[in-house]
Amino acid sequence: MDIKEGRTSQFRVLEQRDDAQTAYAIVSHRWRDTQEVDYNEMVNLMEMQEGEREEVRQRSGYQKILASCERAMGDNFKWLWVDTCCIDKRSSSELSEAINSMYRWYENSTKCYAYLHDVDSPTFPIEQNSEQFGKCKGWPEWFSRGWTLQELIAARDVQFFNKEWAPIGNKRDLADTLEKITRVSKDILVSGLDSGVRSVAQIMSWAADRETTRVEDRAYSLMGLFGVQMPMLYGEGKKAFQRLQLEIIRLSNDHSIFAW
């Protein structure tokens with residue numbers, strides 16, 4: 001979206017921009033059920049009845065968009081991409097294109113804002129805390145989600161923020177801690193997948209304990225890490241992972257995939 005108009009809540013959706021030529025920030029976050037604002041709601045916000053519009057504005061997802069816009073404007077970006085409201089999920093073709101392009105969009109971003117909604121402290125948690133993050137093996141929930149793995153690896157500059165949108169560190173400076181949390185090597189975190197050859201089994205192991213809301217997304221969220229493209233078929237269930245394996249086999253001679 002064009003964030004110059006964000007002050008008046010008149011957002012324009014980022015359409016048909018060249019992501020390789022456009023400087024933009026991108027948001028990585030944990031979706032919250034019933035709280036996010038979708039594409040249709042965002043583009044029609046000002047045409048809504050006052051009560052309906054106010055309900056949307058009160059959602060934590062809307063406040064998250066506003067806060068990320070403020071951060072992006074402070075960093076002198078004209079463009080910001082947020083998956084909740086920048087993809088028209090009513091269109092199956094647009095959704096499929098977006099998922100197949102997701103890794104590239106994070107990779108081509110100038111800066112990625114990783115929002116950790118459950119971190120209250122003014123510093124990044126460097127040790128496991130089962131009392132605060134008990135449901136996620138002692139770490140912020142962001143690290144337990146399937147989609148955030150490729151977002152962490154693909155984006156060159158990842159800036160972390162706590163629930164109040166206060167900065168708490170970046171990927172490069174926190175590489176040692178991030179390696180401990182994710183099992184992804186420091187070299188890959190800092191320099192990306194091109195920094196060295198790794199096996200299919202190793203990449204699969206990074207995602208083994210992560211969760212997705214839709215079972216198909218366990219496969220779809222890994223496509224970018226393997227350089228695979230395939231159509232989205234929500235409703236196919238576990239067959240999505242089988243299709244992913246077949247595509248990897250078609251493109252690679254790495255037999256470690258058979259461990260999965």
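The side chain of Asn170 comes to 3.1 Å from the backbone nitrogen of Arg172. Select these two residues first, and keep in mind that the model is predicted.

Is Asn170 buried or exposed? Its relative accessibility is 17%, and buried means under 20%, so Asn170 counts as buried.

Next, show Val158, Gln159 and Phe160. Asn170 is in contact with these residues, once its neighbours within four places in sequence are left aside. Asn170 itself lies in strand 5, and Gln159 stands opposite Asn170.

Widen the view to residues 158-161, which are strand 4, and residues 167-170, which are strand 5. The two strands run antiparallel and are joined by three bridges. Five residues lie between the strands of this hairpin. Select Trp165 in the hairpin: its phi is positive, near 65°.

In what order do the strands lie? The order is 2-1-3-4-5, in an open sheet of five strands with mixed pairing. Strand 2 (79-81) and strand 5 are the edge strands, and each of them pairs on one side only. On average, neighbouring strands of the sheet are turned by 25° against each other, direction ignored.

For a parallel pair, select residues 24-28 (strand 1) and residues 111-115 (strand 3). How many bridges join strand 1 to strand 3? There are four. Within this pair, look for Val27, which stands opposite Tyr113 in strand 3.

Helix 5 comes next. It packs on the sheet and touches strand 1, strand 2 and strand 3. The direction of helix 5 makes about 125° with that of strand 1.

The last stop is a pair of helices. Two packed helices are described by the angle between their axes and the distance between the axes. Select residues 92-108 for helix 5 and residues 146-154 for helix 6. Their axes come within 7 Å and cross at roughly 35°. The crossing of helix 5 with helix 6 is right-handed.

To see where the helices meet, show side chains on both:

- in helix 5, Ile99, Met102, Tyr103, Tyr106 and Glu107;
- in helix 6, Trp147, Gln150, Glu151, Ile153 and Ala154.

Colour this contact by class: seven residues are nonpolar, one is polar and two are charged.

Conventions: Residues numbered from 1 in each chain as written. Predicted model: local features only at pLDDT ≥ 70, side-chain atom pairs only at ≥ 80, totals over all residues. Heavy atoms only, no water. Axes fitted to C-alpha atoms, helices over the stretch in contact; angles between N-to-C directions. Left-handed = near helix turned anticlockwise from the far one by under 90°. Contact = heavy atoms within 4.5 Å. Nonpolar A, V, L, I, M, F, W, Y, C, P; charged D, E, K, R; others polar. Pairing = 2+ DSSP bridges. Buried < 20%, exposed > 50% of the residue type's maximum accessible area, 1.4 Å probe, protein only. Polar contact = N/O pair within 3.5 Å; in protein donor to acceptor, adjacent residues only side chain to side chain.
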